[in-house]
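Here's a quick briefing on a helical packing arrangement, grouped by topic.

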Amino acid sequence: LMSLVDTVCIGRAAGADPVPLAATGASATLVGVALSLCNFLTSATTPLVAIRRARGDIAGAAAVGSQALTMAVMLGLTIWLVLNMLTSPLLGIVGSKSAGT
């Protein structure tokens with residue numbers, strides 16, 4: 001859904017120029033992969049927090065949430081760094097002819 005909204009907005013704003021829309025397609029692929037790498041956090045955190053809250057362990061639930069948030073920030077920064085350092089090769093992999101230019 002996020003890529004769809006981006007595509008619609010950029011397609012309307014770019015007018016007849018196809019380059020911004022093409023760039024959105026290539027980058028949406030990379031963003032989708034990066035987001036799927038973080039998906040395990042919600043799958044693992046939700047039941048752990050729910051179990052602790054059901055037992056009445058609010059402090060334990062908060063600790064799990066805090067640990068998950070710390071992991072999310074660290075993973076997000078790592079993914080951001082990798083995507084920024086490897087922009088040209090990654091765009092080349094997804095089929096961008098003028099990767100990184």
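The backbone oxygen of Leu41 sits 2.6 Å from a polar atom of the Thr45 side chain, which makes a polar contact (a pair of N or O atoms within 3.5 Å; within protein, one must be able to donate a hydrogen and the other to accept it, and residues adjacent in sequence count only if both atoms are side-chain atoms). This is a predicted model, where local features need pLDDT of at least 70, side-chain atom pairs count only at pLDDT 80 or more, and totals for chains, interfaces and linings use all residues. Residues are numbered from 1 along each chain as its sequence is written, and side-chain values use heavy atoms, with hydrogens and water left out.

**Around Thr45**
- Thr45 belongs to helix α3; helices here are DSSP runs (H or I, at least four residues), numbered from the N terminus.
- With a relative accessible area of 16%, Thr45 is buried, a label that means under 20% relative accessible area, while exposed means over 50% and partly exposed is in between (1.4 Å probe, protein chains only).
- Not counting residues up to four places away in sequence, Thr45 touches Val64 and Ala68, where contact means heavy atoms within 4.5 Å.

**How α3 meets α4**
- Two packed helices are described by the angle between their axes and the distance between the axes.
- For α3 (residues 39-54) and α4, the angle is about 170° and the axes are 8 Å apart; axes are lines fitted to C-alpha atoms over the stretch in contact, and angles run from 0 to 180 degrees between N-to-C directions.
- That makes the pair roughly antiparallel, the label for angles over 145 degrees.
- On the α3 side, the contact includes Phe40, Leu48 and Val49, and on the α4 side it includes Ile58, Gly60 and Met71.
- Sorted by class, this contact has 11 nonpolar, 3 polar and 2 charged residues; Ala, Val, Leu, Ile, Met, Phe, Trp, Tyr, Cys and Pro count as nonpolar, Asp, Glu, Lys and Arg as charged, and the others, Gly among them, as polar.

**Helix lengths and ends**
- α3 has 16 residues and should span 22 Å at 1.5 Å a residue; its end C-alpha atoms are 24 Å apart, which agrees. The expected span is 1.5 Å times one less than the number of residues.
- α4 has 28 residues and reaches 40 Å from its first C-alpha to its last, close to the 40 Å expected.
- α1 (residues 2-14) has 13 residues and reaches 18 Å, close to the 18 Å expected.
- Gly56 follows α3 with a positive phi near 85°, and Gly15 follows α1 with a positive phi near 70°.

**Along α4**
- Gly60, Ala61, Val64, Ala68 and Ile79 are buried in α4, and the buried residues of this helix pack against α2 (19-37) and α3.
- Leu75 lies in α4 and is partly exposed at 23% relative accessible area.

**Past the end of α4**
- Leu86 lies in the loop between α4 (58-85) and α5 (87-93) and is partly exposed at 39%.
- The C-alpha atoms of Leu86 and Ser43 are separated by 28 Å.

Technical notes:
Helix = DSSP H or I, 4+ residues; strand = E, 2+ residues; numbered from the N terminus. Parallel < 35°, antiparallel > 145°, perpendicular 65-115°, else oblique.
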